[in-house]
Amino acid sequence: MPAFQLYIDGSFRDAAASFDSLDPATGKPWARMPEARAAEVNEAVAAARRAFHGAEWAGLTAGERGKLLLRLADLIEQNAPRLAELETRDTGKIIRETSAQIAYVAEYYRYYAGLADKIEGAHLPIDKPDMEVWLRREPLGVVAAVVPWNSQLFLSAVKIGPALAAGCTMVLKASEDGPAPMLEFARIFDQAGFPPGVLNILTGFGPECGAVLTSHPDIDHVAFTGGPDAGRQILRNSAENLASTSLELGGKSPFIVFADADIDSAVNAQISGIFAATGQSCVAGSRLLVQNTIRAEFLDRLREKAGRISIGSPAEMGTEMGPLCTLRQRERAEALCASSVAEGARLVTGGHAIAGAGFYFPPSILDCTDAPAASCLREEFFAPVLSVQGFDTEAEALALANDTAYGLASGVFTRDLTRAHRMIRGIRAGVVWVNTYRAVSPMAPFGGHGLSGHGREGGLAAALDYTKIKTVWLRT
Ligand code: NAD
């Protein structure tokens, strides 16, 4: 069985403990992973602190930091097949998706490489002739980053890119579910030529490794992506060190289709909006709100298309949907489908785990039009399960869209431009996609409200979030 190592202070090393990682396609152990605990976390944070103040990193110009990030982007591209293959093996995400995602992961690093020397301070025209007053933007310090399994290379790029562009250093905890791509990424990062300790990559369990890291007294900022329960815990942890936080949490995003929409395009977007990544996506369009006049036809088309999705080995290029990452996820999806049916939801398709080896669950649709209290309308599945509600009026669509404690993403499908604008204004979510879904760009900020967290990733603002302002008063 292959064995992976931690990356601390520019060196690869074993942890005192280790655990098996399961291949989601077979349910069997396939690799041995190091399990970082308090001792390893303390070493990694100390290394990041030394690197933060050390001349090798702190003495670089912003442009030099940018060049290192550019080299990293090139290396990611050169090693893309290996990274994609490992992510597919360890998380069950299909090879088509992991390969495509790595291409834009490199683009995110290039974008932040380009921003490194554009993080500017300011001069204040203060009303005192003998004073010069200006603002310096300095790196925030040592960052703790914690990511979930579902798109680790991407979710870490939107943290590592801006943080290193700004001059911070980082300790990143990969998920205990499917950490292989991050531990392999450490090997690529190591070749890019960054000084030791600038980025340290650990894996271990949330309540031990994650908790020690995010409450560590020498951490200045915590960048977290994961579920709301762990998010709350992270906020409690960061009360210990008073670190600033950004929380990218879950979603229960509405996907709203009006009768005047381009139906072909809406059907295709809804299919990939919910079933891509086997539903394990924070922006999954998991609540379809469809105008009642087209509901029956729309559901028929969805069921027919869902039935044609080819489910199989995630390593095969022809596979369109692979397994869930963990057995826990599959059990949760099945239980939530069953309780929603008991609450009155109608099962249109799927709803039961696929028998056999691996953590497979089929594309599933629950019509909740007559079951507004069904738990599938409130709970995030993080699985390929779509809940559906019909509506008659625009006002009703907006009320249903906002009837959630989350506020991450949303989609609106209509040909009526003025209605689209009204919906954009009314929807409480960090992202509104109109007549499209899931589009991303390094330039576009991303993040949510409410249970979906706070802070934004992507764009220039994210790089500024990794800086702190120092105000300088100089008497002339
Ligand atoms: P999770 O919250 O259980 O775990 C995420 C990470 O947090 C893991 O690395 C875990 O080890 C760590 N963790 C858990 N408890 C911790 C603690 N007490 N202290 C410190 N770290 C701790 O989430 P998950 O089930 O692995 O991932 C799925 C969730 O992530 C979903 O809710 C999904 O919507 C969310 N997500 C959000 C985004 C986004 O950008 N908004 C993107 C992807 C996933």
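Mentor: Two residues are in contact if their C-beta atoms, placed from the backbone, lie within 7 Å. Keep that cut-off in mind. This is a predicted model.

Trainee: Leaving aside neighbours within four places in sequence, which residues is tyrosine 112 in contact with?

Mentor: They are Leu69, Gly161, Pro162, Ala165 and Ala463. Tyr112 also belongs to the largest nonpolar core.

Trainee: What makes up that largest nonpolar core?

Mentor: It has 148 residues. Those with the most contacts inside it include Leu69, Tyr109 and Tyr112. Helix α5, residues 95-115, gives the largest share of this core, 10 residues.

Trainee: Why is glutamate 248 called buried?

Mentor: Count the C-beta atoms. Glutamate 248 has 27 others within 10 Å. Buried needs 20 or more. Therefore glutamate 248 is buried.

Trainee: Where is glutamate 248 found, and what does the UniProt annotation say?

Mentor: Glutamate 248 is found in strand β11, residues 244-248. The unreviewed UniProt entry annotates Glu248 as "active site". Such annotations may be inferred rather than shown by experiment. Beyond four places in sequence, glutamate 248 is in contact with Phe224, Thr225, Cys282, Gly447, Gly453 and Glu457.

Trainee: Why is aspartate 9 called partly exposed?

Mentor: Aspartate 9 has 17 other C-beta atoms within 10 Å. Exposed means 12 or fewer, and buried means 20 or more. The count of 17 lies in between, so aspartate 9 is partly exposed. Aspartate 9 sits in the loop between β1 and β2. Its phi is near 55°, a positive value in a residue other than glycine.

Trainee: How do you know whether alanine 277 is buried or exposed?

Mentor: Use the count again. Alanine 277 has 27 C-beta neighbours inside 10 Å. The cut-off for buried is 20 or more, so alanine 277 counts as buried. Alanine 277 lies in the loop between α10 and β13. Its phi is positive too, about 55°, although alanine 277 is not a glycine.

Trainee: What makes β14 and β18 edge strands?

Mentor: Start with the order. The open sheet has 7 strands: β14-β15-β16-β13-β12-β17-β18, with mixed pairing. β14 and β18 each have a single partner strand, so one side of each is left without a neighbour in the sheet.

Trainee: How do you know that β12 and β17 pair?

Mentor: Pairing takes at least two bridges. β12 and β17 are joined by 3, so they pair, and they run parallel. In β17, glycine 411 is the bridge partner of phenylalanine 255.

Trainee: Which strands does helix α13 touch?

Mentor: Helix α13, residues 394-401, packs on the sheet and touches β12, β13 and β16. Its direction makes about 145° with that of β16.

Terms used
Residues numbered from 1 in each chain as written. Predicted model: local features only at pLDDT ≥ 70, side-chain atom pairs only at ≥ 80, totals over all residues. Core = buried A, V, L, I, M, F, W, Y, C linked by C-beta atoms within 7 Å. Helix = DSSP H or I, 4+ residues; strand = E, 2+ residues; numbered from the N terminus. Axes fitted to C-alpha atoms, helices over the stretch in contact; angles between N-to-C directions.
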